[in-house]
Amino acid sequence: MKIIALMNEKGGTGKSTAASNLATALHRRGKRVVLVDADPQGTARDWRAASPEGIDLPDVIALDRPQMLGAIHALSADYVIVDTPAKAESMAAAVVRVAHVALVVIQPSGADIWASAATVKLIRSKLDVGGQVDAAFLVNRVKAGTKLAGLVKGGEWNEYGLDQLTSTLGDRTAYAQALTDGVSVYDLPNLDARADVDAVLAELEAARWL
Ligand SMILES: Nc1ncnc2c1ncn2[C@@H]1O[C@H](COP(=O)(O)OP(=O)(O)OP(=O)(O)O)[C@@H](O)[C@H]1O
Ligand SMILES: [Mg+2]
């Protein structure tokens with residue numbers, strides 16, 4: 001079982017958006033996937049509760065207190081995707097402890113980048129004591145063709161000693177629409193959004209992180 005966490009102690013960077021779509025992408029490829037909602041805010045649960053009946057989406061379960069996370073190991077799944085809360089250091093630390101892969105979701109803005117330092121520090125502290133976790137930034141809401149997007153994609157900003165995925169998620173209404181409707185971008189006509197998520201999975205696969 002691979003445990004993949006979407007993280008950032010900064011709020012609103014796109015953790016739940018990335019988690020729901022990556023989980024659905026793996027699920028639709030025939031993998032056994034559980035989306036763990038580690039956020040007491042319950043966005044992943046609300047997303048699933050809004051889903052139309054009969055739609056083919058991964059199960060969502062709530063493990064939203066740090067002491068509950070041990071239950072992850074008892075799940076029967078190929079992939080567990082963990083949607084983590086903002087502003088919850090003890091939960092973030094507990095998630096980093098169990099995660100095989102940690103993706104730090106940021107938007108291309110200084111506020112998101114600076115605020116991610118706390119999460120990067122948690123990841124580094126696991127690595128420093130000999131723990132294993134494959135970790136990288138995942139840049140979300142990239143506006144194609146903007147100077148800022150180019151700068152962030154180019155990686156000049158990244159002085160955090162953490163890799164950065166080459167693939168990014170674009171700033172597209174389809175993501176907000178999918179979250180609101182309880183579906184994934186694979187259920188909407190926007191092919192660009194699907195291509196984003198496919199590219200992230202392909203990159204993780206190529207790095208043997210999946
Ligand atoms: N790539 C995107 N394009 C357009 N809208 C997006 C994108 N990613 C996220 N959003 C929107 O931004 C808002 C915040 O996204 P989301 O809830 O995924 O962030 P979060 O990091 O999980 O937030 P929180 O820290 O509160 O858990 C939502 O309204 C979502 O629909
Ligand atoms: Mg969220």
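In which sense do strand β2 and β3 pair, and over how many bridges? Keep that question in mind while we walk through this predicted model together.

Let's start with the whole chain. The protein chain is built with eight helices and seven strands. Its radius of gyration is 16 Å, close to the 17 Å that the globule rule gives for 210 residues, so the chain is as compact as a globular protein of that length. If you follow the C-alpha trace along its principal axes, it spans about 45 × 40 × 30 Å.

Now look inside. Of the 210 residues in the protein chain, 42% count as buried. Contacts tell you about the fold too: taking those in the protein chain with a separation of 6 or more, 77% come from residues 24 or more positions apart.

Next, find the sheet. Seven strands form an open sheet, and reading across it you meet them in the order β3-β2-β4-β1-β5-β6-β7, with parallel pairing. At the edges sit β3 (59-62) and β7 (163-164), each of which pairs on one side only.

This brings us back to the opening question. Strand β2, which covers residues 33-37, pairs with β3 in the parallel sense, over four bridges.

Notes: Residues numbered from 1 in each chain as written. Chains lettered and ligands numbered in written order. Predicted model: local features only at pLDDT ≥ 70, side-chain atom pairs only at ≥ 80, totals over all residues. Helix = DSSP H or I, 4+ residues; strand = E, 2+ residues; numbered from the N terminus. Rg over C-alpha atoms; globule rule 2.2 N^0.38 Å. Buried ≥ 20, exposed ≤ 12 C-beta atoms within 10 Å, placed from the backbone. Contact = placed C-beta atoms within 7 Å. Pairing = 2+ DSSP bridges.
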